[in-house]
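Subject: Structure for your files

Hello,

Please find the structure below, followed by notes on what was found in it.

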Amino acid sequence: MNKTKIVIANRLIRLVGNIFKVLSYPFHWLFPKKRFAVPNYSAAKVKLANDRPIPRVIWQTNFTDRYSLPMYMNYLFNRLMSLNCEYRLVTNEGCTEYLKTHAPKEVYDAYSCLNDGAAKADLWRLFVLYREGGVYLDMDATLVWPIDKLLGNEENALYIKIANNTEITNYFIASHPGNPDLAEIIDQVVHNINNYTPDMGVYSSTGPTVLHNVLANKQVHTQDRKYVCIQGAFSNEHFQYIDKPRGKWIHMNPEDLIKKND
């Protein structure tokens, strides 16, 4: 991996993304109702000669498939970086149906206790990658290098780190199906939901903290995020939640994360 080239690409992507963000404010001021449709499925544009241990499938989830301009540009850029991958967007309702159909009862029951979309997405991404394999990206995540070159013939999984390359996070995860580490993380998330206390919040009950705590002492393949996938290059909270103001998980009262029994 030529890290110098990737760092240069990273900075150029951020520059281009920031330009699109600035231009998107007057665009959406002039066309406040304009949205762009993202497909629920897109086939790979380039066929690989051989299958890879980590399936070349990009998974994403969102509360809607109608995007603001910068979010749509982010989607298009990621598709450019993943031409040899299938693309699958699953809405909130689709995530619920998927887990209801495929997940063990204890996983689906824990998922059903959650009031927050981001927390639900935390659990769904872990299970869909465990069952199907592939690459999960948050909606505001941007690949900085073609995904097939990043993964190569990696047989197990690739995770990224933040905070000066010290903390494993969950806005990008690539994994083969049946990954036992993901199974362990799923079990811990289910345990956290069933034993939730408000001091945990989304971040520590279902989010990156769980992933980091389980994987920190394991021999897993990690990379600094700047060489793999960054956040917020093309978008920000305003454009990501343009039709759902204050919809981001940070605005939820931690006491309201778990549904209360009547």
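Y136 stands opposite I173 in β9. The two residues belong to a pairing of β6 (residues 134–137) with β9 (residues 167–175), antiparallel over 4 bridges. Strands here are DSSP runs of E of at least two residues, helices are runs of H or I of at least four, and both are numbered from the N terminus; two strands count as paired if DSSP finds at least two bridges between them.

This is a predicted model, in which local features need pLDDT of at least 70 and side-chain atom pairs count only at pLDDT 80 or more, while totals for chains, interfaces and linings use all residues. Residues are numbered from 1 along each chain as its sequence is written, and side-chain values use heavy atoms, without hydrogens and water.

β9 also pairs with β8, again antiparallel, over 5 bridges. There, S175 of β9 is the bridge partner of A157. The two strands form a hairpin with 4 residues between them, and A163 in the turn has a positive phi of about 55°. Of the 9 residues of β9, 8 are buried (under 20% relative accessible area, 1.4 Å probe, protein chains only).

Both pairings sit in an open sheet of 7 strands with mixed pairing, in the order β2-β5-β3-β6-β9-β8-β10. β2 (41–42) and β10 (222–224) are at the edges with a single partner strand each, so one side of each has no neighbour in the sheet.

Helix α9 (residues 208–215) lies across β8 (157–162) and β9, at about 85° to β9 (axes are lines fitted to C-alpha atoms, for helices over the stretch in contact, heavy atoms within 4.5 Å; angles run from 0 to 180 degrees between N-to-C directions).

Regards

Conventions
Buried means under 20% relative accessible area, exposed over 50%, partly exposed in between (1.4 Å probe, protein chains only).
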